[in-house]
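These are my notebook entries on a structure that I looked up. I began with the backbone, then turned to the ligands and the cavities.

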Amino acid sequence: MNNFFNKNMKFGHFDDSNREYVITNPKTPWPWINYLGNEDFFSLISNTAGGYTFYKDAKFRRLTRYRYNNVPMDAGGKYFYIKDEDTIWSPGWKPCKTELDEYECRHGMNYTSIKGVKNGVSANALYFVPLKTWAEVQKLTLTNHSDAVKKLKVFSFVEWALWNAAADMENFQRNFSTGEVEIQDSVIYHKTEYKERRDHYSYYSVNVPIQGFDTDRESFFGLFNGFDEPQVVAEGTPRNTEAHGWSPIASHYIEVELNPGESKDLIFVLGYVENAAEEKWESKNIINKTKAKETIARFDTVEKVDAALADLRKYWDNLLSVYSVNSGDEKLDRMVNIWNQYQCMITFCFSRSASFFESGIGRGMGFRDSNQDLIGFVHQIPERARERIIDIASTQFPDGGCYHQYQPLTKRGNNDIGGGFNDDPMWLILGTVSYIKESGDFSILDEMVPFDNDPATATTLFHHLTVSFNHVVEHLGPHGLPLIGRADWNDCLNLNCFSNDPNESFQTTENKTEGTKAESIMIAGLFVVYGRDYVALCKRLGKADEAERAQKHVDAMIDAVKKYGWDGEWFLRAYDYFGNKIGSNENEEGKIFIESNGWCTMAGIGQEEGYCDMALDAVKERLDTPYGIVLNNPAFTKYYIEYGEISTYPPGYKENAGIFCHNNPWIMIGETVRGNGNRAWEYYQKICPSYLEEISELHKTEPYVYAQMVAGKDAFKPGEAKNSWLTGTASWNFYAISQYIFGIRPNYDGLMVDPCIPTDWKEANITRKFRGATYRISIKNPDSKSKGVKQLMVDGKTINGNIIPVFADGQVHEVQAVLG
Ligand code: BGC
Ligand code: NOJ
């Protein structure tokens, strides 16, 4: 293992009382980003103000341009250039890279503020998207701390994208001729393609008179300069250019004079407008600016902006008040109470579409991903979860299969990727059941939901669950185990693909579709867990026959796993196309995998026979590392055409023996099922970012959010993370810690209290709002146990069992659980 990183290298610190991460060194090991907006209008912003903005869909409605994988990294964003005599600088250090006297970036809940100080002037740029607003607001506060008068020249900068982010990056023969803008007063409007098929434009305004502007990129930068040295800024004189084609930008030029001690605020609004066909124009070729002006007016004073920020903070106070813990461990509390829940909101909004690792054009909303994201989000805003479930289910097919992804703007299934991922349908049961358990709202099951977005096919959501369940039952292989299709949860286990052509996608290629036999033991475990949920739901609904029918299939699956899915010391992973075992001691590489062992132990399959204990011990012995649990071992060292993409990754990366953080909680939960709280907690801490802050130089990605993957023990640099933010890791870890380690689990009839904690925790306190009441739950552990509630008292009265009833009385209830 390599140890060539600085062990004590932090780039900032947590400020828990403000719910912020404070970055004090702009040269983080990778851009450390944040997300603005939480409903329709979004921005990504790095700690040096890099990033971009879009409306709803990062592919189809990109407002500002961003070049991924650029040199240097993270170039392009929402920049301010300040010219103070001969010194040109930016509050975020980049793009100018003029050394600052002070720098601080505060990433908070849907807002970021970046402050730089240079030669006695401080510039604080606050960025956020106000609630229910199709715009990003930027407040730039300039203060003169020196004893001389300062005459500053301020230039703003954004670069427009021509809407479709994919076409924007490739169709230059057209793009360089289409760009159009309008400039009126202090507002620059971007209206490319508005005159024909688009009903939308964007704009960038400032709340003071401007002394000039630029909208033609090459005129602003000069043909040979980068973002760090715009020619116009160096000269200190705007050119008042109007873009015609080429690359439209928006830059305001503002002269600011500050007396010693004086402070001034400039408010910029970067917004988006849609106009109905008959309202598009003010006069010939002049766009109707009414809506833009209305939005600009909502934020034209500091008071209005501050009030909007206060509203946003209140919104988050409320969201985060639903579940909070007081454990005495600040690293744990800040993850559970703030950052992990925040990341769950972000994954809910974006699925896997737009991060600094997902380009925003590759993927829309994932069927399996979005369902899993719900388990970390549903308690925050159940109504939005409800809507999402219906959107997702609408992309299902009548046979229970489904589109693997859909576009957020159109909500239509994505034909390029299609379906055939045989785990997908089961996740809809998880998503729906989680929603009902949280909200108690069974009426969602009666909603009429179409197949493949065709209203003529609408049927109840409950029926969608039935066909989901049946899809597995109707696709069983020779061992009675689920057929894997293109892949199961592990997108890279492509057992019917057999690809020799580097231009083929592993995810969509099935060169062997005839008589495919490849089976997944991971889906088998998944089916047992959510099949049981389906049975329980049927019973609740009084559908006894259906419950009985389904139970038989679940039992049959358990038998099949015990018979054909057990390898002697752990659960097999799969059978390949030829019926050979994968994840068996018989294999030379890939002897053991995390996923099937997670799901089968969560399902408790073979618990009586000791299978779960053996499997979890084998995971500990063979897959655990100082940085988390790797996906498989030994790593694949050559390409196995019959396995697919998994064997294409170098050992230790991604699905080939990387620490794929998404699935670590499956083992944590498996450990809680068998009552091993010490283990569950050990695994939790290993991948939890707040515990990794000190090794930021190695870890590389943000210490406040989970990354999808950390390099495994076979990699060159074990412990190095990639793909932060958009990962199922967020919701699964929140689910594991909140519902299985602290053990506060929504149930149809109330709130179950079933903790599984480390034996040396003496006490833990949780506040949970649930269906109209607040529960203050204190868990006491006098006998150093892990699991087993021996006494539960609610408001001083002992309750039988471990389920707190639903009071729905708006009151606070005191709950005491004693382990023993
Ligand atoms: C990645 C997976 C991802 C898949 C689909 C693969 O290359 O390794 O993690 O889910 O592509 O985009
Ligand atoms: C990331 C994908 O978004 C997810 O759907 C998949 O389960 C994992 N990669 C594992 O391959």
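This is a predicted model: local features need pLDDT of at least 70, side-chain atom pairs count only at pLDDT 80 or more; totals for chains, interfaces and linings use all residues.

In which loop does Pro72 lie? I placed Pro72 in the loop between strand 6 (62-64) and strand 7. I took helices (H or I, at least four residues) and strands (E, at least two) as DSSP runs, numbered from the N terminus.

**Basis of the entries.** Residues are numbered from 1 along each chain as its sequence is written, chains are lettered from A and ligands numbered from 1 in the order in which they are written, and side-chain values use heavy atoms, without hydrogens and water.

**Backbone.** I noted a cis peptide bond between Val71 and Pro72, with omega of about -5°. The loop between strand 6 and strand 7 also holds Asn69, which has a positive phi of about 55° although it is not a glycine. A cis bond runs from Lys94 to Pro95 as well, with omega near 0°. I found Pro95 in the loop between strand 8 (87-89) and strand 9 (102-107).

**Ligand 1.** I counted a residue as near a molecule if one of its heavy atoms lies within 4 Å of it. Around ligand 1 I listed Arg363, Asp491, Cys492, Gln507, Glu645, Tyr649, Lys654, Glu655, Phe660 and Gln708. This shell divides into three nonpolar, two polar and five charged residues. For these classes, Ala, Val, Leu, Ile, Met, Phe, Trp, Tyr, Cys and Pro are nonpolar, Asp, Glu, Lys and Arg are charged, and the others, Gly among them, are polar.

I then looked up polar contacts, that is, pairs of N or O atoms within 3.5 Å. The side chain of Glu645 places an N or O atom 2.4 Å from an oxygen atom of ligand 1. For the side chain of Glu655 the distance to an oxygen atom of ligand 1 is 2.6 Å, and for a polar side-chain atom of Lys654 it is 3.0 Å. Of the 310 Å² of accessible area that ligand 1 has on its own, the protein covers 79%; areas come from the Shrake-Rupley method with a 1.4 Å probe.

**Ligand 2.** Which residues surround ligand 2? I recorded Arg352, Arg363, Arg368, Asp369, Trp489, Asn490, Asp491, Glu655, Phe660 and Gln708. Six of this shell are charged, two are polar and two are nonpolar. A polar backbone atom of Trp489 is 2.5 Å from an oxygen atom of ligand 2, and a backbone N or O atom of Asp491 is 3.0 Å from one. The side chain of Glu655 has an N or O atom 2.5 Å from an oxygen atom of ligand 2. Taken alone, ligand 2 exposes 290 Å², of which the protein buries 96%.

**Largest cavity.** I used a 1 Å grid over the protein atoms alone, where a cavity is a set of points that a 1.4 Å probe fits but cannot leave, and lining residues have an atom within 4 Å of a point. The lining of the largest cavity consists of Arg62, Arg65, Tyr66, Tyr68, Ala161, Ala165, Asp168, Met169, Ser359 and Ile361. I sorted this lining into six nonpolar, one polar and three charged residues.

Conventions. On a 1 Å grid over the protein atoms alone, a cavity is a set of points where a 1.4 Å probe fits but cannot get out, and a pocket is an open set with protein on both sides within 12 Å along at least five of seven lines; lining residues have an atom within 4 Å of a point. A polar contact is a pair of N or O atoms within 3.5 Å; within protein, one must be able to donate a hydrogen and the other to accept it, and residues adjacent in sequence count only if both atoms are side-chain atoms.
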